[in-house]
Amino acid sequence: TVTIESGSATITFEVSDDHFNPARSVQDASIEVAGIGTVQTLQNGEATIQVPVNDVYDVTISKANYSEVSQQVRVGEDSETVGITINREPAISIDPSNDRVVTGVRAA
């Protein structure tokens with residue numbers, strides 16, 4: 001006779017942007033663990049979530065202006081810490097100094 005008990009473990013995600021040296025923590029990144037839920041990273045780039053033990057989870061990390069990252073995380077019977085790197089999407093931001101252009105007028 002074998003008694004089987006269900007249990008849970010904590011996954012701690014550490015999300016960073018390695019464009020910088022040293023890498024910087026990413027605050028307010030959204031971490032979705034399929035079938036479990038979604039958590040947001042804190043100022044230190046960390047977020048934790050409880051999951052059932054002995055399974056593999058599809059994880060998606062997203063944040064505005066960053067490329068989305070998806071990967072699988074295997075959880076045994078102990079808590080896990082998973083480091084994940086996300087990178088900004090290439091973009092150019094231009095703020096005009098004038099809101100109009102006037103032609104044919106000479107400056108005095």
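Me: Which residues does Asp-17 touch, leaving out those up to four places away in sequence?
Reply: Asp-17 touches Ala-23, Arg-24, Val-26, Tyr-66, Ile-86, Asn-87 and Arg-88. Contact here means heavy atoms within 4.5 Å. This is a predicted model, where local features need pLDDT of at least 70, side-chain atom pairs count only at pLDDT 80 or more, and totals for chains, interfaces and linings use all residues. Residues are numbered from 1 along each chain as its sequence is written, and side-chain values use heavy atoms, with hydrogens and water left out.

Me: Where does Asp-17 sit?
Reply: Asp-17 is in strand E1, residues 8–17. Strands (E, at least two residues) are DSSP runs, numbered from the N terminus.

Me: Is Asp-17 buried or exposed?
Reply: Asp-17 is buried. That means under 20% relative accessible area, with exposed over 50% and partly exposed in between (1.4 Å probe, protein chains only).

Me: What is the nearest side chain of opposite charge to Asp-17, and how far away?
Reply: Arg-88, at 4.1 Å. Lys and Arg count as positive, Asp and Glu as negative; His and the chain ends are not counted. Asp-17 has no salt bridge. A salt bridge needs a side-chain nitrogen of Lys or Arg within 4 Å of a carboxyl oxygen of Asp or Glu.

Me: Which side chain makes a polar contact with the side chain of Asp-17?
Reply: The side chain of Tyr-66, at 3.2 Å. A polar contact is a pair of N or O atoms within 3.5 Å; within protein, one must be able to donate a hydrogen and the other to accept it, and residues adjacent in sequence count only if both atoms are side-chain atoms. Also, a polar atom of the Asp-17 side chain lies 2.9 Å from the backbone nitrogen of His-19.

Me: Why is E1 largely enclosed by the rest of the structure?
Reply: Seven of its ten residues are buried, so E1 is largely enclosed.

Me: Which strands pair with E1?
Reply: Strand E5 (residues 46–52) pairs antiparallel with E1 over seven bridges. Strand E2 (residues 24–25) runs antiparallel to E1, joined by two bridges. Two strands pair if DSSP finds at least two bridges between them.

Me: What stands opposite Asp-17 in E2?
Reply: Arg-24. E1 and E2 form a hairpin, with six residues between them.

Me: New topic. What is the order of the open sheet of four strands?
Reply: E4-E3-E6-E7, with antiparallel pairing. E4 (37–40) and E7 (69–75) stand at the edges, each with a single partner strand, so one side of each has no neighbour in the sheet.
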